[in-house]
Amino acid sequence: MPYNDSYIARIREKVGHNFELIMPTIDVVVENAAGELMMIYNRDFAGWAFPGGYVEPDMSWSENAAREALEESGIIVQADQLTALGVVSGDGYRATYPNGDQVKFYSTVFLAQTFDNELLTIDQTEIDQKTWMHPTDIAKQNLTLSGKTVFALYQAFKQTQQFQVVTVD
């Protein structure tokens, strides 16, 4: 969903831009049959990340994840086929957007290992490109804070098969 139509935009209209918002967010690690992960280049933070974004209040966590996967990467996933990998928060899990908006993220990370289709279209208001990357190549990329954190969480989940709780200091 474009920012101008979002719940967050409506909040910002009321509280202004000189106030740090606490933001529930989601990130989606989409893994294809070849073991590659879908990465998006986020223009706001000038780096690679996983599809993700703000939670809209009229949708569940997994519905938001499916929506963001579609908007940012063109991947059609079913909300009921997502696996929750873990959560991320912490004093250091903050961002400042190009317009000056400051946020502190509390993110739930999902894994999609099956998907229905991949469309060519993406939300170009914030995403410049998308590509499949092998995990060994991801660490060599310029990743956003979210990209680094979610990738580390994904790797820990793959090793342990346990739900991860990550704190960014």
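This is a predicted model: local features need pLDDT of at least 70, side-chain atom pairs count only at pLDDT 80 or more; totals for chains, interfaces and linings use all residues.
Residues are numbered from 1 along each chain as its sequence is written. Local features need pLDDT of at least 70, side-chain atom pairs count only at pLDDT 80 or more, totals for chains, interfaces and linings use all residues, and side-chain values use heavy atoms, without hydrogens and water.

Helices (H or I, at least four residues) and strands (E, at least two) are DSSP runs, numbered from the N terminus. Two strands pair if DSSP finds at least two bridges between them. Three strands form an open sheet in the order β3-β2-β10, and the pairing is antiparallel. Strands β3 (47–49) and β10 (127–133) lie at the edges, each pairing on one side only. Strand β2 (residues 37–42) is joined to β10 by six bridges. Within β10, Thr131 is the bridge partner of Met39.

Helix α1 covers residues 7–15. Its buried residues are Ile8, Ala9 and Arg12; buried means under 20% relative accessible area, exposed over 50%, and partly exposed in between (1.4 Å probe, protein chains only). These residues cover an arc of only 100 degrees around the axis, so they sit on the same side of α1. The arc is that of the directions from the helix axis to the C-beta atoms. An α-helix has 3.6 residues a turn, so residues three or four places apart point the same way. Glu13 and Lys14, on the other side of α1, are exposed. The cover over the buried residues of α1 includes β1 (21–30), β4 (52–54) and β8 (102–112). Ile8 has a relative accessible area of 5%. Ile8 and Leu21 are 13 residues apart in sequence, and their C-alpha atoms are 9.1 Å apart in space. Just after α1, Gly16 takes a positive phi of about 85 degrees.

A nonpolar core is a set of buried Ala, Val, Leu, Ile, Met, Phe, Trp, Tyr and Cys residues joined through side-chain atoms within 4.5 Å. The largest such core has 27 residues. Val29, Leu85, Val103 and Phe105 have the most contacts inside it. Two or more residues each come from β1, β2, β6 (83–89), β8 and α4 (145–160). Helix α4 gives the largest share, five residues. Contact means heavy atoms within 4.5 Å. Not counting residues up to four places away in sequence, Val29 touches residues including Leu37, Phe50, Leu85, Val150 and Tyr154. A second, separate core has 13 residues, among them Val28, Val55, Ala69 and Ala112.
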